[in-house]
Amino acid sequence: MNNKPVWIRRASQLVTLAGGSAAPVTGKRMNELGIIENGSLWIENGRIEMVGTDEELQAAYKGRAHEAEVIDASGKLVTPGLVDPHTHLVHAGSRQNEFNMRLNGATYMEIMNNGGGIHATTAATRAADHATLFAESKKRLDQFLLHGVTTVEAKSGYGLTLEDEIKQLEVAQQLDQAHPIDIVSTFMGAHAVPREYKHDPDAFVELVIRKMLPEVARRKLAEFNDVFCERGVFTPEQSRRILEAGVEYGLKAKIHADEIEPYEGAELAASIGAVSADHLLRASDKGIQMMAEAGVIGVLLPGTAFFLMAESANGRKMIDAGMAVAISTDCNPGSSPTVSTPLIMNLGCLKMGMTPAEVLTAATINAAHAISRGGQIGSLEQGKQGDVTIFDVPDYMTLQYRYGINHVHTVVKKGITVVKEGRLA
Ligand code: NIG
Ligand code: FE
């Protein structure tokens, strides 16, 4: 345990994202990054104590420089540690065979309806024990860290029995304890109707509501409740029931909405006051307007659209309509097997018409709000957690311009250097 203060100095750009802790950042304000040139930052006891120019911090800490681990960030970009607010981190197995099938003409839903897709990963995850799930998921977490990510949300949803859903959530909790990355857990028992309930999906909805939700809440294994609202999976009516039941048990609502087909998922999210609606590739104009008015955060997943070879969500339209937009990998073995949140920012620019400033806001402070952590992480401000990523590029525009490259140089998590010169420390 490194208890030394950390002093990051002389950043060519220090992007603070200051001022958005109380509420998600919407509309034109998503372009305001709060940049400090020749920036400097002092972290002590895991928290940010001061942010300013290097001259200001030199004046404040001159007498204590010898106590600190000094990180020279000259020529580099310093940002808040990236936040990934939508992952299916804990799962077993891999589906490269389905990738090949899709490239030979099969669709994602056809594969799922024939017993592959989510069902294939469910079979693998049910068969895996805690230790196997832990080991496979830890590898992904290490890779997230190497890509500058310091907090992730993680969903269950590949168990689909009470026992196996709890197993996934327990592994997420163990990883949260064992790994530098913080994990925020979401219960997603309504990720698919398992094969054994194929002929009676309503009975499965009852199982989720009457058995799974109460037990997950009782064991305090999740903070959010999510459902895959999609034609052929859960209807808007079933989704509403499941999400409202979750709220009764203290689980906040998230929703996989309008991913493959328009299905009024955005409208549902707005009408129940969900914290976020995610995907939104096919969200209607009315749904976008309703989300903007209700303050539902749109978590956009352009890597999923890219990997499914579908048209991306219209991030540009959503921001212009006044919505708060966050972005995420959707890391999962079927529709987005990546851990590169920086690549997702690149795709946010190239496929959704977002600016380099907007995608950075979307992957930091708005991503933090999408998991109810806007007060603790997502910006570099006094009192916030000492989570910082340093990229080996001179400015935030270059981070998007030199796309598809991992520019991460250093990652500091709660005041401890966990990535040094691009390697796990
Ligand atoms: O967010 N859409 C549903 N769930 C995931 C994919 C899960 C899978 O294919 O394993 C998603 O895209
Ligand atoms: Fe997802």
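Guide: A residue counts as buried when its relative accessible area is under 20%. Keep that cut-off in mind as we look around this predicted model.

Visitor: Why is R95 called buried?

Guide: R95 has a relative accessible area of 6%, and the cut-off is under 20%, so R95 is buried.

Visitor: What makes R95 and E98 a salt bridge?

Guide: The closest N and O atoms of R95 and E98 are 2.8 Å apart. A salt bridge needs a side-chain nitrogen of Lys or Arg within 4 Å of a carboxyl oxygen of Asp or Glu, so R95 and E98 qualify. E98 is buried too, at 8% relative accessibility.

Visitor: How many salt bridges does a search of the whole structure find?

Guide: The search finds 25. One of them joins the side chains of R219 and E215, at 2.9 Å from N to O.

Visitor: Which residues form a salt bridge at 2.7 Å?

Guide: Those are E358 and R316, taking their closest N and O atoms. This pair links distant parts of the chain: E358 is in helix α14 (residues 356-362) and R316 is in helix α12, 42 residues apart. E358 is buried, with a relative accessible area of 2%, while R316 is partly exposed at 24%. Elsewhere, salt bridges that share partners join E170, E215, R218 and R219 into one network.

Visitor: How do you know which residues are protein donors of the iron ion (ligand 2)?

Guide: Donors are N, O and S atoms within 2.8 Å of the metal. H86 (NE2), H88 (NE2), H256 (NE2) and D330 (OD) lie 2.1 to 2.3 Å from the iron ion, so they count as its donors. H86 is in the loop between β6 (82-84) and α2 (96-103), and D330 is in the loop between β13 (325-327) and α13 (341-352), 244 residues apart. H86 is buried at 0% relative accessible area, and D330 is buried at 2%.

Visitor: Where is S312 found, and what makes it buried?

Guide: S312 is in the loop between α11 (302-307) and α12 (315-320). Its relative accessible area is 11%, and buried means under 20%, so S312 is buried. Leaving aside neighbours within four places in sequence, S312 is in contact with L281, A305, K351 and M352.

Methods
Residues are numbered from 1 along each chain as its sequence is written. Chains are lettered from A and ligands numbered from 1 in the order in which they are written. This is a predicted model: local features need pLDDT of at least 70, side-chain atom pairs count only at pLDDT 80 or more; totals for chains, interfaces and linings use all residues. Side-chain values use heavy atoms; hydrogens and water are left out. Donors are N, O and S atoms within 2.8 Å of the metal (3.2 Å for Na, K and Ca); water is not among the atoms, so sites may look incomplete. Helices (H or I, at least four residues) and strands (E, at least two) are DSSP runs, numbered from the N terminus. Buried means under 20% relative accessible area, exposed over 50%, partly exposed in between (1.4 Å probe, protein chains only). Contact means heavy atoms within 4.5 Å.
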